[in-house]
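Here are my comments on the fold, arranged as numbered points. Please read them with the coordinates open.

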Amino acid sequence: MKITTCFTGGGTAGHVFPGLAVMDSFEKLCKEKGIDCDFFWIGSTSGMEKRLLQGKGIVFFGIQTGKLRRYFSFRNFIDIFRTLAGIIASFYILLKKRPAIIFSKGGYVSVPPVLAGKILGIPVVTHESDYTPGLATRINKRFSKLIMLSFEESKKYFKEKEYDKLIFTGNPVREIFYNANAGRGKEIASICENIPVIMIIGGSLGAREINGLTEKLLPQLLKNYYVIHQSGNNELSENISILSEDLRKRYKRYSFIGNEIADLIAASDIVISRAGAGSIWELAAIGKASILIPLRGKGTRGDQVKNAGFLKSKEAAIVLEDKEIIPDNLYNTVVSLISDKELINKMENRIKELNKPGSSDYISQKLFENLKLNDKSGTKSGREVE
């Protein structure tokens with residue numbers, strides 16, 4: 001018998017990496033039960049998920065889909081037809097692959113496969129990583145057998161009649177974050193001095209603000225700290241080249257960090273980051289103190305602000321508000337935090353308390369319980385797989 005599972009979602013790495021964690025766990029569960037399994041992913045033709053997934057050898061189908069905007073735009077009219085095209089494409093992909101279940105990780109690209117799956121009678125399970133449910137989740141929940149939440153407190157954003165569908169699972173995190181090693185991280189970054197290490201995680205267009213702050217603060221930071229910086233493809237000013245050779249040796253810049261990111265975070269004393277769900281749950285898995293600068297303003301639904309606010313309420317992170325996001329204030333916050341070991345330990349313990357290590361395994365078990373097997377398997381549809 002062979003089980004085929006459809007994963008969908010995209011737009012950011014935060015939608016992809018948790019899905020990969022569940023995929024690994026589900027494959028392990030199937031092997032334990034002596035069952036073959038395979039996976040495929042439906043995502044956007046223009047999103048970053050294609051690059052992330054094809055590099056891992058996962059079958060990927062790209063579809064057209066409209067963006068779910070919360071403001072008036074003529075493109076909303078055009079995107080109605082793009083979404084319809086995505087639904088039709090998803091329908092034929094699902095009809096061909098005949099998956100036993102669909103696991104949605106959110107993002108507007110997940111809506112067409114979920115709708116097509118509902119039409120075909122394929123069970124859908126939706127997972128929300130953020131503190132507040134996104135528009136895609138609010139649409140997909142109507143067609144889902146289960147709605148999985150990363151935060152127990154997110155229940156308040158759902159109607160009472162939907163409570164029977166809700167399950168608190170935490171956010172699935174890749175195994176590399178539970179096996180992170182500070183020693184390996186220092187080797188990777190060639191850190192040889194016994195001084196504090198700051199990791200700054202950017203890596204997307206939304207990180208331009210953090211990159212700008214980093215550029216202005218580097219001459220000050222490098223006098224006393226190592227700086228590991230994931231900057232994305234954004235070019236930093238040539239002014240950095242005027243740093244002395246000794247200071248430049250303390251600056252480790254990467255456009256993108258792969259699996260090494262877990263070890264690099266472990267090697268850091270503190271992390272400066274956005275507040276995307278993927279990032280904060282990875283910090284929780286390792287147990288790392290952080291300064292969060294949430295993405296905000298036009299073009300965002302405010303999910304990072306809510307994520308950061310929740311961590312702040314739990315004393316698990318320091319959050320910089322709008323008026324506080326200036327170079328001098330960020331520098332003073334860094335110096336104050338690094339010098340306060342007691343506060344760092346407290347934040348590390350508080351964020352660890354939010355972590356749910358068995359999330360991927362728990363989600364995989366729930367997926368297995370809700371499989372609908374097709375006729376090729378020789379097994380009746382429903383929950384009859386042992």
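How many bridges join strand β6 to β7, and in which sense do these strands run?

1. In this predicted model, strand β6 (residues 146-149) is joined to β7 by three bridges, and the two strands run parallel. Within this pair, Met148 stands opposite Ile167 of β7.

2. The pair belongs to an open sheet of seven strands, which are parallel in their pairing and follow the order β3-β2-β1-β4-β5-β6-β7. Because β3 (59-63) and β7 (166-168) stand at the edges with a single partner strand each, one side of each is left without a neighbour in the sheet. From one strand to the next, the twist averages 25 degrees.

3. Helix α1 (residues 13-32) packs on this sheet, where α1 touches β1, β2 (36-44) and β4, and the direction of the helix makes about 165 degrees with that of β2.

4. Strand β4 (residues 101-104) deserves a separate look. Both of its faces are covered, with Ile101 and Phe103 buried on one side and Ile102 and Ser104 buried on the other. In a regular strand, side chains alternate between the two faces of the sheet.

5. As for the neighbours of β4, strand β1 (residues 2-8) pairs with β4 in the parallel sense over four bridges, and Thr5 stands opposite Ile101. Strand β5 (residues 124-128) also runs parallel to β4, to which β5 is joined by three bridges, with Thr126 of β5 as the bridge partner of Ser104. Between β4 and β5 the chain passes through helix α4 (residues 111-120), and this β-α-β crossover is right-handed.

How values were computed. Residues are numbered from 1 along each chain as its sequence is written. This is a predicted model: local features need pLDDT of at least 70, side-chain atom pairs count only at pLDDT 80 or more; totals for chains, interfaces and linings use all residues. Side-chain values use heavy atoms; hydrogens and water are left out. Buried means under 20% relative accessible area, exposed over 50%, partly exposed in between (1.4 Å probe, protein chains only). Two strands pair if DSSP finds at least two bridges between them. A crossover is right-handed if, with the strands pointing away from the viewer, the path from the first strand over the helix to the second runs clockwise. Axes are lines fitted to C-alpha atoms, for helices over the stretch in contact, and angles run from 0 to 180 degrees between N-to-C directions. Contact means heavy atoms within 4.5 Å.
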